[in-house]
Amino acid sequence: MQPNADATSFSSMTTGLHGIWEDAGIRFTGFGHYFGSEEIHNHGVENATTSHVEDRVIGGVGVRTRYRANDDETPVFMAAQASRQALEQAGVDADDIDVMVVSHWTDRNYVHEVGALTAAELGMKGSMAFEVCGSCAGFIQAVHTAASFLTAPTGYRKALVATTERVTRRVRPGSKGSMLVSDGAGACVLEATPGGSPGLIDSVFHTDGSLAHMSAASGDKGWVKSHPDLNDVALAHISDTVEEILGRNKLAIGDIDWLIPHSGTEPLAKGIQHNLGADPARVLTNLAFRGNVSSASIPTTVSELRERGVVKPGDLVLSPSIGGGVWCWGSLLYRI
């Protein structure tokens with residue numbers, strides 16, 4: 001399939017160094033977002049406490065509003081809603097998508113595969129669609145995976161990435177964690193023109209299953225339980241992945257226009273900013289007004305801020321994240 005001629009094009013803006021996708025001409029041509037329909041205001045919960053571990057991991061709640069999906073707002077429904085918005089923005093029909101990658105972990109099934117069901121909901125037939133389960137790092141994982149297909153000898157030129165989570169189902173009701181999380185979905189369209197100007201410049205993604213105990217959802221209820229040292233270990237891994245991707249591209253944090261991380265808790269958000277030495281005015285998240293949406297945090301932030309004109313075409317963005325349950329971490333370096 002030919003790349004969409006109406007999609008936003010960029011002037012030649014590359015690092016000129018070692019981004020693995022730099023010559024692939026992979027551009028982000030559309031973003032979309034969706035949040036659960038029930039808006040919940042966190043009045044008077046800033047000093048709430050339910051356990052010493054939650055106090056250490058979560059700190060102050062730091063979330064003013066959060067969102068909960070109703071029973072009809074399934075992961076498939078939310079992913080499809082965000083995807084339709086991204087497709088419309090990109091000017092691409094669902095039938096034109098060659099591969100769809102959906103990040104999802106909160107409502108796991110034995111057989112019913114969210115990726116394939118979302119593609120069917122969008123009316124896609126025959127295109128490859130599947131899901132990945134990288135927890136909060138799922139957007140990094142999904143884009144990294146989609147880019148691999150777009151540069152493989154398959155001839156694929158258009159990919160749809162969606163992230164969809166009902167995190168409110170994975171926290172104990174009444175706990176401090178329940179005051180932090182939200183349900184929602186984010187999506188983006190990636191289009192490849194080999195040799196064209198890049199949007200996606202570089203990505204790194206790693207796993208270490210020996211650290212899976214740092215945050216896991218298990219037991220009869222599947223509620224998340226975190227290790228007291230979660231933030232310290234998370235910050236170390238985020239620092240490592242940022243150092244890796246910036247070093248490979250011979251960039252410093254000051255060269256980045258926007259740092260848009262997954263910042264799942266207030267201590268983690270502050271720690272990322274402090275450890276990386278980032279200008280606070282250049283760090284963007286939607287944690288305070290949307291809550292922790294897990295793998296949907298980064299794409300929903302980009303989608304909303306792109307819509308508002310805060311993040312503009314050509315801006316250089318760095319998005320690091322860690323994923324707790326399977327312990328994975330990575331970063332994306334890209335231009336909007």
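Q: At what angle do helix 5 and helix 6 pack, and how far apart are their axes?

A: Two packed helices are described by the angle between their axes and the distance between the axes. Here helix 5 (residues 230–248) and helix 6 (residues 266–276) pack at about 40 degrees, with axes 10 Å apart. Helices are DSSP runs of H or I, at least four residues, and strands runs of E, at least two, numbered from the N terminus. Axes are lines fitted to C-alpha atoms, for helices over the stretch in contact, and angles run from 0 to 180 degrees between N-to-C directions. Contact (heavy atoms within 4.5 Å) involves, among others, Leu 235 and Ile 238 of helix 5 and Leu 268 and Ile 272 of helix 6.

This is a predicted model: local features need pLDDT of at least 70, side-chain atom pairs 80 or more, while totals for chains, interfaces and linings use all residues. Residues are numbered from 1 along each chain as its sequence is written, and side-chain values use heavy atoms, without hydrogens or water.

Q: Which residues of helix 2 are buried?

A: Among them are Val 76, Met 78, Ala 79, Ser 83 and Leu 87 (buried means under 20% relative accessible area, 1.4 Å probe, protein chains only). The buried residues of helix 2 (residues 75–90) pack against strand 1, strand 4, helix 3, strand 6 and strand 7. Just after helix 2, Gly 91 has a positive phi of about 70 degrees.

Q: In what order do the strands of the open sheet run?

A: The four strands run 8-13-12-11, with mixed pairing (at least two DSSP bridges). Strand 8 and strand 11 are the edges. Strand 11 pairs with strand 12 in the parallel sense, and Leu 259 stands opposite Leu 318.

Key
Expected span 1.5 Å × (residues − 1). Buried < 20%, exposed > 50% of the residue type's maximum accessible area, 1.4 Å probe, protein only.
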